[in-house]
Amino acid sequence: MQWDIVIGLEIHVQLATKTKIFSGSSTAFGAEPNTQASAVDLAMPGTLPVPNEQAFRYAVMFGLAVNAEIGRRSVFDRKNYFYPDLPKGYQTTQLDHPIVGPGFVDIDLADGSTKRVRIHHAHLEEDAGKSLHEDFHGMTGIDLNRAGTPLIEVVTEPDMNSAEEAVAFAKKLHGLVSSLGICDGDMSQGSLRFDVNISLKPKGSDELGTRTETKNLNSFRFMEQAIAHEVERQMDILEDGGRIIQETRLYNGERDESRSMRSKEEANDYRYFPCPDLLPVVIDDEFIQSARDLLPELPDERKARFKEQYGLNDYDARLLSDDASMAAFFEETASHGKDAKLAANWVLGELSARLNAEDKTVAQAPITGTQLGQLVARIADNTVSSSGAKKVFEALWNGDGDNADAVIEAQGLKQVSDTGALEAMVDEVLAGMPDQVAQYQGEEDPKKRKKMLGGFMGPLMKASKGQGNPKLFNEILARKLGG
Amino acid sequence: MHNKSVAELSRDLESGKISSVELTREFLDRVKAEDQQYNSFITVTEDQAMADAKAADEQRAAGNATAWTGVPFAHKDLFCTKGVATTAGSKMLADFVPPYDATVTANFRDAGAVSLGKTNMDEFAMGSSNETSFFGAVTNPWGLSSGDKRVPGGSSGGSAAAIAARLVPAATATDTGGSIRLPAAFCGITGLKPTYGRVSRYGIIAFASSLDQGGTMARTAEDNALMLNVMAGFDPKDSTSVDRAVPDYTATLNEPLKGLRVGLPKEYFSDQLSPAMEQQVRNAVKEYEKLGATVKEVSLPHAKLAIAAYYVIAPAEASANLSRFDGVRYGYRCENPQDLHDLYTRTRGEGFGDEVKRRILVGTYALSAGYFDAYYLKAQKVRRLIQQDFINAFKEVDVLMSPVSPSPAFVQGANTSDPVTMYLEDIFTIAVNLAGVPAMSVPAGFVDGLPVGLQIIGNYFDEARLLNAAHQFQQVTDWHQKLPQ
């Protein structure tokens with residue numbers, strides 16, 4: 001049978017506020033356990049939450065960026081369950097009156113099409129602490145530094161139909177919250193965590209199948225693998241005539257396997273009710289405007305500007321605009337590189353390939369946009385050939401040299417563009433290859449002639465020790481050989 | 001000295017008639033000598049009190065005294081006190097020493113008042129008789145001559161008994177459903193539950209957050225005013241506290257009552273009220289008429305629904321508020337837990353008393369899937385109707401007057417087997433908490449040698465008017481001056 005895949009996402013986004021959502025403790029990552037946990041975070045008796053205005057502003061900024069309605073009356077609820085890293089025995093979250101209402105995000109797909117993914121809502125809540133099971137023999141350590149870190153949980157409609165779409169959405173969202181500056185975007189530290197809801201239904205059917213939720217995916221790659229894994233698992237069950245059980249599953253990316261965490265029957269009754277320690281927060285026009293004033297250029301706006309300002313095609317413009325730090329790197333490269341399209345090619349080509357190969361983010365690149373831009377400028381003005389440029393890139397990446405000019409100089413990669421010298425080399429090479437010259441001149445088909453022209457390049461480059469300007473060689477060759 | 005009011009002691013300290021060290025010594029000696037029979041204190045902080053008294057005397061000598069500098073008092077053991085055990089009357093927190101002060105505690109400290117310690121209370125403020133305390137029941141100083149030990153009312157029974165027994169001239173208290181007014185009435189003292197949001201809840205161990213309110217207890221209305229001056233005000237640490245100017249509550253105590261419009265809610269003069277109690281309350285109202293007040297009957301039509309709504313909302317909130325007592329970070333932890341589940345169930349099973357467990361169970365049930373709408377949501381709707389009753393009544397009158405309780409202090413153990421009978425002790429006080437309005441209990445006579453309280457209910461933030469009405473009544477009556485025995 002043919003199946004339709006139906007995917008909805010829930011994304012926990014840690015907000016980059018300096019302090020926690022209901023206390024004045026720092027949210028900085030990596031401190032000694034429990035050094036950033038105040039009496040409020042420890043849920044000491046008698047302590048009370050005080051909302052952090054900045055968390056609300058960030059949430060509203062997110063809402064505006066996803067074209068959403070802002071909840072004018074934002075209410076906090078208590079979600080009750082016992083767990084050692086949940087100090088109060090309830091999580092303060094939002095159920096019926098979230099701060100961000102329905103909205104949408106448009107994603108670009110590889111085939112060039114665009115798809116709209118609807119946002120059901122996004123709500124503010126506090127993060128829990130961490131349980132550390134490894135380091136304490138037979139016991140569990142509790143670190144409450146993270147407890148109370150503000151989150152927005154973004155819930156989509158089940159609008160995605162493939163792993164590709166889900167990952168495209170996830171990347172788009174990642175770019176969006178990073179561009180907004182409301183999240184540091186560092187997935188390795190759990191700043192964004194994805195839960196994926198997946199169900200299958202017979203192709204074309206209107207009725208949704210039973211879904212499972214795979215929790216806490218913290219990389220795009222794991223997310224893609226987890227979806228593929230779960231789709232296959234469900235398909236096997238359904239094709240064998242089985243039934244999908246509504247459950248929460250955990251995916252192990254290292255082993256590419258998943259296991260059931262709890263079924264619907266085992267699910268907690270969270271006994272939500274409005275938190276009596278927090279009054280409803282009224283979001284007025286003035287507050288929304290103050291958030292709007294803080295909105296930076298968003299990826300979709302940036303993409304349009306890149307096409308306009310740099311003459312990039314749609315595909316390149318999207319790849320360069322989705323992620324704020326990638327976009328900034330490109331603009332720095334382009335500003336020094338004289339040729340924006342060439343700068344785009346280098347950022348998306350050599351740089352991206354190298355980042356992928358070494359599993360680095362653009363922020364971790366050992367080369368700066370300025371350095372790459374200076375190199376691009378030397379390619380554009382023919383100082384260095386593209387093959388020479390790769391050597392320069394390699395040197396800059398490895399820290400062998402401060403800038404392109406110094407590397408070109410040190411490695412003798414400067415391209416010879418003196419037409420007199422190049423003409424002498426052409427004459428010499430052609431003189432040594434009379435048969436090939438005759439063959440070329442006898443050929444009528446321009447395609448074949450072009451190909452044969454390439455046959456002279458190898459010896460020419462060899463003669464110039466790789467430093468002859470290939471473009472000029474081509475021009476001279478064409479002239480000498482007659483057309 | 002120990003029969004004097006805070007206002008009088010403050011004047012004696014200012015005139016140099018007595019020092020805080022002498023005064024504090026006298027009260028501490030009384031606590032030592034007398035409190036075995038009342039059990040009104042859980043913790044007595046003798047050394048700290050004497051050190052504070054010495055500092056207060058120096059402060060006064062330096063010319064930096066407030067009305068409270070050097071005046072002894074006590075805190076209900078629900079207010080967190082930095083460095084001093086704060087138990088909430090529970091085994092769960094028997095050894096808990098908070099590293100912070102409640103805002104109210106800090107305010108009294110800043111004012112120079114000298115705390116003698118922490119007073120007994122029903123466990124987590126859940127009770128009407130002060131019999132649910134892990135530290136034992138409190139005995140009412142009144143009625144001992146009959147040979148019976150009577151309850152002081154709850155949950156602030158330790159504060160009320162200590163004041164009635166002249167062990168302290170004043171004490172803090174809290175009121176979620178009547179926990180200031182009932183003990184004040186049973187012990188023949190004066191107590192005020194302020195408007196919800198008037199006094200910061202920060203550092204007061206939560207029972208039911210939307211109902212809890214810190215308040216005052218002393219013998220006179222004037223002393224209650226002096227206390228509220230210290231306690232009231234917006235607190236950035238409590239987002240439910242209200243940012244509204246705090247008047248000097250003593251400034252209007254002597255306003256004449258001529259023209260005061262008094263309403264008597266007919267639902268509060270019902271069959272449950274004993275005829276002898278009713279007579280005392282009506283006599284008190286007559287005194288107000290003599291003072292120039294006009295009296296009319298009014299109606300709070302939804303009054304009879306208050307207890308039912310309260311016993312859904314308060315336990316629901318409590319069930320979540322008390323989840324933090326899990327044996328993980330502080331407080332009681334069971335011995336040798338086998339696993340996480342065992343840690344939770346035994347810690348909570350062993351650490352909480354029966355009444356607390358009963359309310360956690362009731363609250364958990366009321367919030368459960370399938371019951372939430374029928375209980376919690378319905379109770380919230382009733383709460384709004386009750387609020388509206390008060391809003392409507394205050395369009396016609398300035399204050400409402402009623403009994404505090406259907407009958408005077410009962411004998412210990414009389415109601416412990418039947419929680420519903422116990423809950424009905426709060427039948428006249430609970431609606432006030434659901435509405436959030438302020439109310440007082442003022443001594444207004446005796447029945448069978450036991451004190452009777454007059455409840456005066458005011459409009460939102462009208463504490464000054466309540467204190468004025470109570471003070472004027474105390475200028476023409478001496479019920480508040482009567483001594484037990």
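The following dialogue explains the terms used for this predicted model and how its features meet them.

Biologist: Why are α8(B) and α15(B) called roughly perpendicular?

Modeller: Helices are DSSP runs of H or I with at least four residues, strands are runs of E with at least two, and both are numbered from the N terminus. Axes are lines fitted to C-alpha atoms, for helices over the stretch in contact, and angles run from 0 to 180 degrees between N-to-C directions. The axes of α8 (residues 275–290) and α15 (residues 463–476) of chain B come within 10 Å and cross at roughly 95°. Angles under 35 degrees count as roughly parallel, over 145 as roughly antiparallel, 65 to 115 as roughly perpendicular and the rest as oblique; the two helices are therefore roughly perpendicular to each other.

Biologist: Which residues make the contact between α8(B) and α15(B)?

Modeller: Contact means heavy atoms within 4.5 Å. A284(B), E287(B) and Y288(B) of α8(B) meet A469(B), A470(B), F473(B) and V476(B) of α15(B). These residues divide into six nonpolar, no polar and one charged. Here Ala, Val, Leu, Ile, Met, Phe, Trp, Tyr, Cys and Pro count as nonpolar, Asp, Glu, Lys and Arg as charged, and the others, Gly among them, as polar.

Biologist: What makes β4 and β14 of chain A edge strands?

Modeller: Two strands pair if DSSP finds at least two bridges between them. Three strands of chain A form an open antiparallel sheet in the order β4-β3-β14. β4 (90–93) and β14 (273–274) each have a single partner strand, so one side of each is left without a neighbour in the sheet.

Biologist: How many bridges join β3(A) to β4(A)?

Modeller: Four bridges join them, and the strands run antiparallel. D77(A) has T93(A) as its bridge partner in β4(A).

Biologist: Which strands are at the edges of the sheet of eight strands in chain A?

Modeller: The order in that open sheet is β5-β6-β9-β1-β10-β11-β12-β13, with mixed pairing. The edge strands are β5 (103–108) and β13 (257–263), each of which pairs on one side only. Strand β12 (residues 247–252) of chain A pairs with β13(A) in the antiparallel sense over six bridges, and N252(A) has E257(A) as its bridge partner in β13(A).

Biologist: What makes D381(A) and K338(A) a salt bridge?

Modeller: A salt bridge is a side-chain nitrogen of Lys or Arg within 4 Å of a carboxyl oxygen of Asp or Glu. The side chains of D381(A) and K338(A) meet at 3.9 Å, N to O. The pair, 43 residues apart, links distant parts of the chain. By this rule there are 60 salt bridges over all chains.

Biologist: Where do the domains of chain A lie?

Modeller: Domain bounds come from an automatic or database domain assignment. Chain A is divided into domain 1 (3–291), domain 2 (301–411) and domain 3 (419–481). The C-alpha centres of domain 2 and domain 3 of chain A lie 31 Å apart.

Conventions
Residues are numbered from 1 along each chain as its sequence is written. Chains are lettered from A and ligands numbered from 1 in the order in which they are written. This is a predicted model: local features need pLDDT of at least 70, side-chain atom pairs count only at pLDDT 80 or more; totals for chains, interfaces and linings use all residues. Side-chain values use heavy atoms; hydrogens and water are left out.
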